[in-house]
Amino acid sequence: MATPVGRIEKEFLFKALYDEKLAIAYVKDRNEYTLTLELPAGAEMTLRHNKPIGKLKPHTKLPLLFNYRGQVIDFNTEVISQKENLIICKTPDTLYKNLDRNYLRVDTPSDLKILFTFRGDRYNLTFPKVPEYENITVDSLGQNINLSGLIKQITSSLKNFADGYKIVNFKDKKPETIEERIVSETGKTLFIPSTAGFLPKTDPYPKKRIITEDIFKRYLETTGVGISYLDETCARFLKNKMDDGFYSDAWVPILFHEYVIGYIHIWIVKQNRLPFDFSVLDNVYQFSKVLAFSLKENGYFEHGRMQNEAFEGKVLDISASGLLFAYPLGTSLLATFLVDAELTVTIEAPYRTISVTAKIVRRFKDKSACYFGCRFINMAPEDIRFLFEHLYGRRIDADDTAFLAGQV
């Protein structure tokens with residue numbers, strides 16, 4: 001995923017752009033231009049282009065990209081003025097590296113029409129919501145699931161490593177305790193290996209799912225606890241659990257799409273029993289996914305299912321590997337545009353229509369709109385070739401083999 005470059009690295013890269021006369025790519029009207037930094041960058045940048053580029057109005061946004069020793073860097077700048085073969089622009093505040101693509105974003109050609117449709121099911125439910133999307137498809141499960149039998153199986157397994165357990169549905173009970181509130185608001189697991197110790201300081205999972213000590217303290221701040229009292233409040237929280245006879249404790253959310261529908265609480269009260277570890281959490285997390293899936297298969301969420309209809313977002317730019325679109329604030333549809341959610345994107349061009357899956361990989365917003373960066377997934381080779389040539393105005397050549405291999 002694209003990450004901002006730090007201040008020192010940014011200064012180094014701008015120096016390299018000037019000293020080594022690195023090529024900066026820009027695409028306009030299906031023509032690719034090579035720009036170079038004419039003078040050292042200060043508050044402004046002076047760029048020389050390799051061929052006539054046409055008139056650029058002041059305040060025109062330029063999406064630019066360059067390669068420094070195998071690392072692809074991109075940034076956006078704004079035109080100040082233009083004379084002969086020089087463009088004077090604002091020096092950007094931020095450069096981005098670790099891109100999900102090797103090719104430049106361009107303004108959407110006027111002859112393209114782009115429509116979006118959600119893949120799979122969408123729901124409007126009354127459970128607590130979190131800003132992440134949980135895909136609960138379990139391919140290994142059959143279609144006919146006996147819910148009561150499944151719960152008996154899960155609870156029987158829980159007894160193997162816990163002294164006690166509880167499965168709570170937020171339809172029947174709204175979050176009240178501090179544990180319930182933090183689990184429902186974060187969608188993450190409250191894991192206390194030992195009440196005589198500390199909350200986890202790090203989260204070992206690639207896709208973060210643990211409430212670390214730092215997250216717990218940030219939550220306490222939102223409830224009005226002063227910064228100087230955070231350590232004391234954490235310590236008192238754990239001591240109260242120990243005084244109540246709990247030695248190990250975990251609260252695992254049950255997630256369905258963007259909703260926390262409940263949780264599984266497990267605990268240990270016997271001193272001679274091994275405390276919970278991450279393997280226990282893995283098991284309970286899997287139980288929670290199976291439980292959510294079985295509820296779906298038994299029609300539990302059917303009343304909240306929404307119709308999937310095509311919609312148009314304002315596509316700000318597009319590359320051969322993804323796109324960025326905006327959607328106005330204040331619409332209910334925004335709640336379903338979550339990171340990892342998948343869309344079907346229909347790209348209508350003259351004489352050809354492409355249908356491709358796109359995954360939302362990042363989202364951000366300003367005062368007027370919310371913005372969503374999407375990456376195309378498993379696009380057919382012939383569609384890749386067509387879109388590439390339509391956007392960049394040239395055929396794919398031998399230098400584009402990494403692109404064709406999907407390394408974008």
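Q: Why are helix 3 and helix 4 called roughly perpendicular to each other?
A: Helix 3 (residues 178-186) and helix 4 (residues 213-222) pack at an angle of about 105°, with their axes 11 Å apart. Angles of 65 to 115 degrees count as roughly perpendicular, under 35 as roughly parallel, over 145 as roughly antiparallel and the rest as oblique. The two helices are therefore roughly perpendicular. The model is predicted: local features need pLDDT of at least 70, side-chain atom pairs count only at pLDDT 80 or more, and totals for chains, interfaces and linings use all residues. Residues are numbered from 1 along each chain as its sequence is written, and side-chain values use heavy atoms, leaving out hydrogens and water.

Q: Which residues of helix 3 meet helix 4?
A: Ile178, Arg181, Ile182, Glu185 and Thr186 meet Ile215, Phe216, Tyr219 and Leu220 of helix 4. Contact means heavy atoms within 4.5 Å.

Q: What makes Leu62 buried or exposed?
A: Leu62, found in strand 5 (residues 61-68), has a relative accessible area of 0%. Buried means under 20%, exposed over 50% and partly exposed in between (1.4 Å probe, protein chains only), so Leu62 is buried. Leaving aside neighbours within four places in sequence, Leu62 is in contact with Tyr26, Leu56, Phe75, Asn76, Thr77, Val79, Ile87 and Cys89.

Q: And why is Ile167 called partly exposed?
A: Ile167 sits in strand 12 (residues 164-169). Its relative accessible area is 31%, so Ile167 falls in the partly exposed class.

Technical notes
Helix = DSSP H or I, 4+ residues; strand = E, 2+ residues; numbered from the N terminus. Axes fitted to C-alpha atoms, helices over the stretch in contact; angles between N-to-C directions.
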